[in-house]
Structure formats: C-alpha cells, structure tokens
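I opened my notebook to look up a few features of this structure. Here is the model I worked from.

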Amino acid sequence: MTPAHAPDLPVPAQAPCSPPSPMNAPPLTTDPAPSWPLAPTADTADVALPPPPLAGRHLVLGVTGGVAAYKAAQLVRDLQRAGASVQVVMTGAATHFVGTATFQALSGRPVFTGAFDTRIDDGMAHIELSRNAEAIVIAPASADFLAKVTHGLCDDLLSTLCLARDVPLLVAPAMNRQMWQNAATQRNINQLRADGVQVLGPDAGEQACGEVGAGRMLEPAVLVEELSDFFTPKALQGKRILMTAGPTYEAIDPVRGITNLSSGKMGYALAQACRQAGALVTLVSGPTALPRPYGVRFLPVQSAQQMLDTVMAELDMAASTISIDCFIGVAAVADWRPLQVASQKIKKERGLAQDDMTLALTQNPDILASVARRPDAPYCVGFAAESEDLVHHATEKRARKGVPLLVGNLGPATFGQDDNTLILVDEHGTRTLPAGSKTALARWLAQELGRRLPA
Ligand code: CTP
C-alpha cells in the first residue's frame with residue numbers, strides 16, 4: 001500500500017536535505033514516499049531500496065599541482081567502484097606530478113588540460129565539460145588554485161570551468177602546513193565556504209616535505225565517504241543516534257569465552273547510512289573484524305554488561321546535555337554469561353575419568369528493554385535474529401521489549417553475509433523489504449527512520 005492510496009494516513013514531512021546549494025546547484029531530492037504505517041499484509045511491492053549515493057553520478061575531477069596528485073589516481077578508481085563516472089581535468093602544474101595517460105587509462109576518458117582544446121565540438125571545453133556533471137571535485141586543491149577560485153580568476157581550463165559552472169564545487173585542499181595556516185589561505189577558505197563551496201579536509205599528519213601538521217589531502221577512501229555524504233538526502237539531519245552492533249563476548253576465563261556468529265555488518269552499515277543521512281551516530285560495538293565506520297563515534301566493548309553500562313552512561317550524559325533521538329539495538333547480545341569468570345585458564349583435570357565440563361550460566365541484562373523502560377527513552381528500534389517463524393517471533397518480541405519498531409531477520413541465513421532479508425514490525429503490522437545488500441537496506445532504513453522520528 002502506498003501513501004498515495006491511503007489518504008487517511010498521516011504523511012510525514014519531507015526530510016530536509018543538507019548539502020549546501022552552491023550557485024544554482026540543483027536540489028537533491030529525498031524519497032518522497034512515506035512507507036508507514038503499514039497494513040498487516042504490506043509487502044515489498046512499494047519499497048525501492050535506494051542505490052549507493054554515487055551510483056550513476058558523473059563528476060568532473062579537477063587535479064591541481066601537488067604531490068597528492070598521485071592519490072587522485074586512486075580516487076578515480078574508488079569513485080568508479082562507488083558507481084560514479086569521472087571526467088578528469090588537470091592544470092598544467094598537475095601534469096608535472098602525474099601524467100595525463102594515467103588518468104586517461106583509469107577514467108577511460110580523454111583528459112583535458114587546455115582551455116582551447118579542439119576535441120570539444122564547439123571549442124567550449126570550459127563550459128561543456130561540466131554541463132552533464134553533477135559536481136566538480138578538486139582533489140588535490142593547491143593553495144594557488146584555491147586563491148584563484150576565491151577571486152574568480154580563470155586563466156586556465158580548470159579555473160574557468162569552476163567559474164562557469166552551474167553545479168556544486170567541492171575542494172580537497174592539499175599543501176604544506178604553513179601554506180595552509182597562512183592568513184591568506186585561511187581568508188580564502190572562509191570566503192569559499194561563504195560562497196557555498198564545500199571544503200573537504202584537510203587532514204593533519206606527516207607531509208611530503210617532512211613536516212607534520214594540517215594540510216594533507218584526505219585519503220581517497222575518505223573523500224569517497226564525504227562525497228557519498230554530500231549526495232545523500234539528509235533525512236536524519238542533526239539527529240542523535242545511539243546504536244549497538246556486533247556480538248558480545250562473555251569470558252569464561254582469560255583465554256576462552258562465549259560469543260555468537262554476528263559479524264556486525266548490518267549494524268555498521270546502518271551506522272554509516274544514518275551518518276550519511278545527517279545523523280550524529282555513536283556506535284557501541286562488540287568485537288568484530290570490521291573497520292570502524294567513518295565519521296561515527298565508536299565505543300568498543302566486549303561483554304553484554306559493558307555494552308549495557310556504556311549505553312546507559314551515554315543516555316545519562318545526554319539527559320543533562322543534548323538528548324538522544326533514537327536508540328537502535330542491532331547487537332546480537334549474548335543471552336547468558338558464565339556465572340563465574342575464572343581468573344586463570346581453566347585446566348583439564350588430568351587422570352580423572354571425566355570428559356564433560358559443566359558451565360553454570362546466568363542471564364544477561366536486556367539492553368534494549370532497559371533503554372525502552374527509561375522515562376526519558378528515545379525512539380527505540382530493535383533487531384530480532386530468529387531461526388524460524390520470523391513474523392511470529394518478531395511480533396511477539398516487539399511487544400515484549402516495548403519498542404515501537406522492530407526489524408526482524410533470519411540470523412543463520414544472514415550472519416556474516418553481505419545480503420539480508422528484513423521484515424519490519426510496528427503496531428500496525430509487518431512489512432517485508434526486498435532482499436538486498438546490507439548497505440542498501442541500511443540506506444532505506446535510515447530514510448525510514450527520518451520519516452518516523454519526531455521533527
Ligand atoms: N537485546 C538486548 N539485550 C539482550 C538481548 C537482546 O539489547 N540481552 C536486543 C538486541 O540488540 C536486539 C533485540 O534485543 O535489538 C532482539 O535480540 P534477539 O537476540 O533477537 O532476542 P532476545 O531478546 O535475545 O530473545 P530470544 O533469544 O529469546 O530470541
């Protein structure tokens with residue numbers, strides 16, 4: 001059932017979209033279709049999982065003169081892997097660092113460097129190259145180039161493209177730390193920001209010149225994250241989200257413990273999707289083998305008790321500062337832990353005719369239910385991992401935990417996998433989402449949360 005067919009249902013407000021709208025940039029749109037409340041029989045028919053934010057986007061990548069130009073080659077690759085097509089334009093200085101042939105081979109397109117390039121039919125490279133692009137990204141952006149753009153100078157193809165654009169401009173500065181700190185550069189950066197240019201970075205650390213400080217270009221993988229953020233509708237702009245993810249590990253002794261098969265992939269994907277949708281995300285995670293999601297506050301824990309203590313401390317802290325809007329329990333929390341944790345490694349009793357070992361277990365606290373019971377409880381979302389009869393168990397679990405929304409999946413079918421099948425349960429019924437990658441499902445869930453959280 002789509003909202004268009006359900007005029008009696010409340011229609012959530014259209015989520016705001018935060019990417020700055022520099023100079024006539026076309027507005028990004030959010031999924032206009034609120035998909036909730038649901039009829040008991042709702043199915044996948046009206047749910048479209050959003051594509052990755054960079055999929056199908058065409059970008060102009062401007063490369064200016066700096067050592068970090070070599071990283072732009074990797075950036076082309078990473079952008080393509082993220083689904084974007086890339087038109088590379090280089091300044092003359094950039095070609096001293098990396099040749100055009102490298103970028104041509106990587107991008108699969110001719111590389112442009114001169115304002116009077118005759119390969120463009122009407123000879124207007126400075127206009128045409130950006131006309132079918134959705135953004136111009138300058139990486140690396142040298143101090144000199146940033147100064148030119150700030151003041152509207154246009155004495156080469158790339159600076160002219162920037163001046164003649166009708167799409168957003170994003171710049172990734174890269175320069176020596178003193179050049180970055182120089183008052184002139186800072187003045188230029190402030191002016192660029194005021195003009196609606198998105199400034200990505202720079203990072204701090206070791207520099208090509210041997211000095212250490214701010215001015216390093218963001219790594220290509222981080223730039224892809226930042227660009228993905230830029231193109232994601234901001235359904236959760238400014239929302240504070242506290243999440244748990246991964247398994248918990250319950251120690252038996254210093255070298256052994258009880259855990260489960262949760263990889264953390266769904267929770268980490270949701271943390272990333274919520275952050276890309278504009279939320280400030282804190283992720284309390286049990287032990288996983290995954291890299292920490294970019295831009296997410298990360299609090300590692302081991303046991304269920306540590307996870308509970310960390311979550312409660314976050315909520316207590318928020319109670320006296322800025323409240324948390326949403327708690328999402330994605331963690332596969334161990335239900336039991338050993339009653340006693342041995343302080344030394346438990347040894348086999350040699351010589352005894354006894355092969356069995358009995359471990360006394362005690363139940364762990366229920367973190368989600370504890371959060372939902374708080375008088376200041378945020379909007380709570382649970383994730384149920386079942387092995388059979390998903391709809392029945394998930395419906396019962398939502399009521400038992402006292403949460404408004406529960407997402408159910410079949411644990412054995414999804415633990416460790418990249419794909420998942422989810423159902424959603426709320427007070428109106430259930431909905432089955434189309435099978436998809438955990439990242440696509442997470443993007444849909446983030447937008448759905450934006451429709452459900454109070455403004
Ligand atoms: N959960 C939790 N604390 C626990 C157990 C579960 O916070 N001690 C949360 C999970 O993070 C998840 C939801 O409760 O959001 C459902 O978890 P699940 O393991 O499916 O259910 P259980 O409550 O453990 O119930 P059962 O083992 O009987 O299926």
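My entries follow, grouped by the part I looked at.

**Entry: the model.** I am working with a predicted model.

**Entry: strand β17.** I began with strand β17, residues 405-410. I asked how many of its residues are buried. Five of the six are, so I noted β17 as mostly covered. Next I looked up its neighbours. Strand β16, residues 379-386, runs parallel to β17, and six bridges join the two. I then followed the chain from β16 to β17. The path goes through helix α12, residues 390-401, and the β-α-β crossover is right-handed. Strand β19, residues 423-426, also pairs with β17. Here the strands run antiparallel, with three bridges. Val-407 has Leu-424 in β19 as its bridge partner.

**Entry: helix α14.** Does the length of α14 agree or disagree with 1.5 Å a residue? The helix covers residues 438-452, which makes 15 residues. I found the end C-alpha atoms 20 Å apart, which agrees. I also checked burial. In α14, 14 of the 15 residues are buried, so the helix is largely enclosed by the rest of the structure. I noted one side-chain arrangement as well: Arg-451 lies over the face of Trp-444, 5.8 Å from the ring centre.

**Entry: aromatic pairs.** How many aromatic pairs are there? I counted two. One is Phe-230 with Phe-231, edge-to-face, at 5.2 Å centre to centre and 90 degrees between the planes. Phe-230 is buried, with a relative accessible area of 4%. Phe-231 is buried too, also at 4%. Tyr-268 and Phe-298 form an edge-to-face pair as well, at 6.1 Å centre to centre and 70 degrees between the planes. Tyr-268 sits in helix α9 and Phe-298 in strand β12, so this pair ties together parts that are 30 residues apart in sequence. Both Tyr-268 and Phe-298 are buried.

**Entry: Val-199.** I ended with Val-199, which belongs to strand β5, residues 198-199. Is Val-199 buried or exposed? Val-199 has a relative accessible area of 14%; the cut-off for buried is under 20%, so Val-199 counts as buried. Leaving aside residues up to four places away in sequence, I listed what Val-199 touches: Val-171, Pro-173, Ile-189 and Arg-193. I also looked up Ile-138. Val-199 and Ile-138 are 61 residues apart in sequence, and their C-alpha atoms are 9.7 Å apart.

Key: Residues are numbered from 1 along each chain as its sequence is written. This is a predicted model: local features need pLDDT of at least 70, side-chain atom pairs count only at pLDDT 80 or more; totals for chains, interfaces and linings use all residues. Side-chain values use heavy atoms; hydrogens and water are left out. Helices (H or I, at least four residues) and strands (E, at least two) are DSSP runs, numbered from the N terminus. The expected span of a helix is 1.5 Å times one less than its number of residues. Buried means under 20% relative accessible area, exposed over 50%, partly exposed in between (1.4 Å probe, protein chains only). Rings of Phe, Tyr and Trp (its six-membered ring) pair if their centres lie within 6.5 Å; planes under 30 degrees apart count as stacked, over 60 as edge-to-face and the rest as tilted. A charge sits over a ring if NZ of Lys or CZ of Arg is within 6 Å of the ring centre and within 35 degrees of the ring normal. Contact means heavy atoms within 4.5 Å. Two strands pair if DSSP finds at least two bridges between them. A crossover is right-handed if, with the strands pointing away from the viewer, the path from the first strand over the helix to the second runs clockwise.
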